[in-house]
Amino acid sequence: MQTIFVLIKCELGKAYDVAHQAVETIEEISEVHLISGQYDLLMKCYLAPGHDIGHFVNEKLHAVDGVKDTFTMITFKAFT
């Protein structure tokens, strides 16, 4: 599994709607956090091996109504 984190900037007043719609419709999303700062949401996503990250972000996350901007971070290793 490939883990990515995506910061989401939402249209004004749409953060809760975006979060609810995303977790209900996108199975690859593990967690969504409402955050402070430049972005409104932090999403943790698990993608299947070989899954194209660009297509996932463009076709699934950008398709959520109210998403204004994204910033994607690819992980290399998780420490526990």
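Two strands count as paired here if DSSP finds at least two bridges between them. With that in hand, hello everyone, and let me walk you through this one. Please keep in mind that we are looking at a predicted model.

Let's start with the sheet. Strand S1, residues 2-10, is joined to S3 by 7 bridges, and the two run antiparallel. Strand S2, residues 29-34, also runs antiparallel to S3, with 5 bridges between them. S3 itself spans residues 41-47 and is mostly covered, since 5 of its 7 residues are buried.

On to the packing. The largest nonpolar core has 19 residues. Ile8, Val18, Leu41, Met43, Phe56 and Leu61 are those with the most contacts inside this core. As for where the core residues come from, S1, S3, helix H1 (15-25) and helix H2 (53-61) each supply at least two.

Let me pick out Leu61 from that group. What does Leu61 touch, if we leave out residues up to four places away in sequence? The list is Val6, Ile26, Ile29, Met43, Phe56 and Val67. Two of those names, Met43 and Phe56, were also among the residues with the most contacts inside the core.

Last topic: the cysteines. How many disulfides do we count? The count comes to 0, with a cut-off of 2.5 Å between the sulfur atoms. Cys10 is in no disulfide, and the nearest cysteine sulfur, that of Cys45, is 13 Å away. Cys45 is likewise in no disulfide, with the sulfur of Cys10 as its nearest cysteine sulfur.

And are these two cysteines buried or exposed? Cys10 counts as buried because its relative accessibility is 6%, under the 20% limit. Cys45 is buried too, with a relative accessible area of 0%.

Key: Residues are numbered from 1 along each chain as its sequence is written. This is a predicted model: local features need pLDDT of at least 70, side-chain atom pairs count only at pLDDT 80 or more; totals for chains, interfaces and linings use all residues. Side-chain values use heavy atoms; hydrogens and water are left out. Buried means under 20% relative accessible area, exposed over 50%, partly exposed in between (1.4 Å probe, protein chains only). Helices (H or I, at least four residues) and strands (E, at least two) are DSSP runs, numbered from the N terminus. A nonpolar core is a set of buried Ala, Val, Leu, Ile, Met, Phe, Trp, Tyr and Cys residues joined through side-chain atoms within 4.5 Å. Contact means heavy atoms within 4.5 Å.
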